[in-house]
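Please look at the fold first, then at the sites.

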Amino acid sequence: MRIAMIGTGYVGLVSGACFSEFGVHVCCVDKDAEKIERLKRGEIPIYEPGLDDLVARNVAAGRLSFTLDLKEAMQGVDAVFIAVGTPTRRGDGHADLSYVYAAAEEIAANLDHYTVVVTKSTVPVGTGREVESIIRRVRPAAEFDVASNPEFLREGSAIGDFMRPDRVVIGAGSERAAEVMRRLYRPLYLIETPIVLTSLETAELTKYAANTFLAAKITFINEIADLCEKVGADVHDVARGIGLDGRIGKKFLHPGPGYGGSCFPKDTLALVRTAQQVGSPLRIIETVVDINDKRKKAMAERIVAACGGSVEGRTVAVLGVTFKPNTDDMRDSPSLDIIPALQKAGAHVRAFDPAGMHEAARLLPGVEWAKDAYGTLQDADCVAILTEWNEFRALDLKRVKASLKRPVMVDLRNIYNPEDMVRAGFSYSSIGRPG
Ligand code: UGA
C-alpha cells in the first residue's frame, strides 16, 4: 500500500515512520524546506526515543521518503493523511483549522484517482465534513472519501503507543474507505488490537473525549492530593486504593504541578468552546481548565513557602523544564508559569534539563542554564524538581546536600520518598504526602 502524510510534526512523522515499518510505502510532505532537507539527511527535528533508528531503517529500505511536493507524494496513493497542527486560535480558544483546510485545498488540486482523505490531526467535530465539502467544491467530480483516524500516542513513548495501541479509532465516510483503513492497519489486527469503526463525527469527538477525560482524571487526583496534605493522608496510597478498582483504573492518577504539553491544554479548551457553541456546555471540563491553570501558577508559591516565605535575592535550582520527561517539548509546560513567578518574586533561577534547554532558553529569559543536574545546585537555597526525568530519580543525596546552601527540596513530581529525604537531612516537600 502507499500513503502520503501531510505534516512532519510529532504525529505526522511518528505515524509516517510507523506505517512504513508496517510495510506501507509512505511519503511525508511538509512546506518547511529546511525540515525536509534535514529529514532527507537523516536528522530528526524532534526528540523522541527510537525515532531516528526507525526513520533510518525505513528510508534505507525504500519505504519512507520526504518531499516538499504534494503532487509527487500523492502519486498512486491509497490514502492521504492530514497531520498538520491545530493550535489554539488566538482570542477565542477554538482550534485553528486554517492548516487543515489549506491542506484540503491542496489535496483537491492533486486528486487524480480514488483516494481516502484521512484527518489524523486532532480536529473538532464537523471538520471531516468540511474537508469533504472543500474538496467537493474544488473538484466536483473527484473520486474520494474522507475518514477520521485520531491518534492517541504520547510524546516520549510515541512509537510503542503507535505499534501497540489499546485501540484504533476509525471514522469512515463509506465502506470503501473503511476497507482501505482496515488494510492499512492489518498488522494491528494480527495482534488483536480492537478497532472501533464508527462515523466521522463520532471518531472526531472520541479523540477529544479521551484527552479531556484524562485531563480531568489528573486534575481529580491533584485536588485529592491537596486534600491529603490538609488531612494527613497519602495520595499515592489513595491512588492505589482507588486505581485497583477496574472501573477507575491505575493510570493517570499521578499528582503533579498540573498537566501541560501540546495536547491536553489545547484540547480541553477547544472542546469547551465547541460544547458552548452548540449549547451543551461541558461544565466539568470548564472547571478542569480553570483548576489546572491556577494550579500551575500556585506551584511557585509552594517553592517560596519552602524557602521560608521569600525567595528575594535567593537562588532556586530547578531540575527539569519540559512538560514531561523524554521529550524536548516545552509547550504549556508548568515551568513556563513557575519560573517567571519565582523570578518576579526576586529569585535567581538556575536550571537544567536533559533535552529541553535549547527551546527553554528562548522562552525563559534570565535563567542561568547549568551543564548537568549537580551543576544547578551549587550554593542554591533550594532545589525544585519540575520534571521527572529518570536521571533525577537517583541523585547522590549526600552530594546534593553538600552542594546546596540549605538542604531544601521541593519535589513536584514525587520522585523521592519523604522518609528517606528526612533521614538524609532534607527539608523535603512533595505533593499530597505527609512529611
Ligand atoms: C496526550 C495523551 O496521553 C495521548 O493519548 C494523546 O495522543 C496526546 O496527548 C495527543 O493528543 O496527541 P502527551 O501530551 O504526549 O499525550 O502526554 P501525557 O503523557 O498524556 O502527559 C500530559 C501531561 O499530563 C503532562 O504534563 C504530564 O506530566 C501530566 N500527567 C500525566 C500527570 O500530571 N499525571 C499523570 O498521572 C499523567
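In what order do the eight strands of the open sheet run, and is the pairing parallel, antiparallel or mixed? The order is β3-β2-β1-β4-β5-β6-β7-β8, and the pairing is mixed. This is a predicted model: local features need pLDDT of at least 70, side-chain atom pairs count only at pLDDT 80 or more, and totals for chains, interfaces and linings use all residues. Residues are numbered from 1 along each chain as its sequence is written.

**Domains**

- The chain splits into domain 1 (2-198), domain 2 (208-289) and domain 3 (297-429); such bounds come from an automatic or database domain assignment.
- The centres of domain 1 and domain 2, taken over C-alpha atoms, are separated by 29 Å.
- Eleven residues from domain 1 and eight residues from domain 2 make the contact; two residues are in contact if their C-beta atoms, placed from the backbone, lie within 7 Å.
- On the side of domain 1 that touches domain 2, five residues are nonpolar, four polar and two charged.
- In these classes Ala, Val, Leu, Ile, Met, Phe, Trp, Tyr, Cys and Pro count as nonpolar, Asp, Glu, Lys and Arg as charged, and the others, Gly among them, as polar.

- Helices (H or I, at least four residues) and strands (E, at least two) are DSSP runs, numbered from the N terminus; two strands pair if DSSP finds at least two bridges between them.
- β3 (64-67) and β8 (195-198) are at the edges with a single partner strand each, so one side of each has no neighbour in the sheet.
- Neighbouring strands are turned by 25° against each other on average, direction ignored.
- Strand β7 (residues 168-172) runs parallel to β8, joined by four bridges.
- G171 has T198 in β8 as its bridge partner.
- Helix α5 (residues 98-110) packs on the sheet and touches β1 (2-6), β4 (79-82) and β5 (115-119).
- The direction of α5 makes about 160° with that of β4; axes are lines fitted to C-alpha atoms, for helices over the stretch in contact, and angles run from 0 to 180 degrees between N-to-C directions.
- Helix α8 (residues 175-184) lies across β4, β5, β6, β7 and β8, at about 155° to β7.

**The six-stranded sheet**

- A six-stranded open sheet has the order β11-β10-β9-β12-β13-β14, with parallel pairing.
- Its edge strands, β11 (368-369) and β14 (427-429), each pair on one side only.
- Two bridges link β10 (residues 348-352) and β11 in the parallel sense.
- R350 stands opposite E368 in β11.
- Helix α13 (residues 283-306) lies across β9 (315-319), β12 (382-385), β13 (408-411) and β14, at about 160° to β13.

**Ligand shell**

- The ligand is surrounded by 20 residues, the closest being E155, H254, Y259, G261 and C263; a residue is near a molecule if its C-beta atom, placed from the backbone, lies within 6 Å of it.
- Ten residues of the shell are nonpolar, six polar and four charged.
- Domain 1 and domain 2 each supply at least three residues to the shell.
- Helix α10 (residues 200-231) gives the largest share, three residues.

**UniProt annotations**

- One "binding site" annotation in the unreviewed UniProt entry covers D30, K35, T86, T122, E155, K266 and R331; such annotations may be inferred rather than shown by experiment, and positions use the numbering given here, with feature names shortened.
- These residues span 302 residues of sequence and lie up to 24.4 Å apart between C-alpha atoms.
- E155 sits in the loop between β6 (144-148) and α7 (158-163), and R154 is also found in the loop between β6 and α7.
- The unreviewed UniProt entry assigns residues 317-418 to "domain: UDP-glucose/GDP-mannose dehydrogenase C-terminal".
- Over residues 317-418 the chain is 29% helix and 18% strand, with end C-alpha atoms 19 Å apart.
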